[in-house]
Amino acid sequence: MQNFFLSEAFGRAKGAGHRATDALMDYGIPAARKAGIQVIWLNWGLNDADIKNMPPAVKRAFGFEAVVDDEGHTTGVDDFSEKEHGMGVDMDGSSEHQGGDKMLENGKDGRIYKGLGASCGRLTTPEGETVDGGRLLMADSWNAALYPPLDAAYEEGAKLDSRPDVWIHKNRMSGMWGATSPCQEFLDEKGIRTLLFTGVNTDQCVGGTFTDAFSKGYDCVLLQDGCGTTSPQFATDCIVFNAARTWGFVTTCEALAKGAEEMGWHGKMEKAS
């Protein structure tokens, strides 16, 4: 739930991801704090080695860089190398802003980004501040930072004396792909076997991590209202249906908060001094 996916600076209209943010802030995170559930902020955070080794299918989702010839045709979209005088083109090799309900909409004013690791340029926040967006989804860049309300929650949670919030980078849609991953290593080290999933996008990063975790034997629970996507409704329906029937369980942030209250978990964690 990072700036690139939710911030108005990237032209993101208020929608499902922002409603999920509200559910997390109002119910999900307070319930986790009350119940002593550790919160993991699992986010895109790439390095140059990740970019070099990224499969083409993953790169394609975030656009390419191409060169436009004298007749306005794009060339050089068959590779991912940096190009002199290059321009951004979408996943279909088009330089025209498509818009619509695509998760990776091209952004404000039809801007198309040049792919993972490419510069996002200067951006204006809703507060009117001009910031350097950094390289797309690279670790420690502004665009890869948490959306501000959630960033504040993370900063607070990181100060807890017991089970503080942790931040873990991922380099694929799924944070649990492959033989192991930083997220899996953390879970196994702590002996954590039950996972509650929220985030954006329901049918992509959330769904990918959920299914990989299920296949590896973790107990998986989808907090449905804490997830969002701009994909068509059937994409969400598919994930929710299978999470409830096959991969694990489905509930809501509000139900989690109610359950924590009813089970008598009143010992809210104290922040470190």
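The largest cavity has a volume of about 50 Å³, taken as the space filled by probe spheres set on grid points joined across faces, edges and corners. This is a predicted model, in which local features need pLDDT of at least 70, side-chain atom pairs count only at pLDDT 80 or more, and totals for chains, interfaces and linings use all residues. Residues are numbered from 1 along each chain as its sequence is written, and side-chain values use heavy atoms, without hydrogens and water.

**Cavity**
- The whole structure holds 1 cavity of 30 Å³ or more (on a 1 Å grid over the protein atoms alone, a set of points where a 1.4 Å probe fits but cannot get out).
- Lining residues (an atom within 4 Å of a point) number 11, and G36, I37, Q38, L160 and R163 are the closest to the centre.
- The lining divides into 5 nonpolar, 3 polar and 3 charged residues.

**Chain**
- The protein chain has 9 helices and 10 strands (DSSP runs: H or I, at least four residues; E, at least two).
- Of its 273 residues, 47% are buried (under 20% relative accessible area, 1.4 Å probe, protein chains only).

- Beyond four places in sequence, W44 is in contact (heavy atoms within 4.5 Å) with residues including Q2, F5, H169 and C205.

How values were computed:
Buried < 20%, exposed > 50% of the residue type's maximum accessible area, 1.4 Å probe, protein only. 1 Å grid on protein atoms, 1.4 Å probe; cavity = no way out; pocket = protein on both sides within 12 Å on 5 of 7 lines; lining within 4 Å. Nonpolar A, V, L, I, M, F, W, Y, C, P; charged D, E, K, R; others polar.
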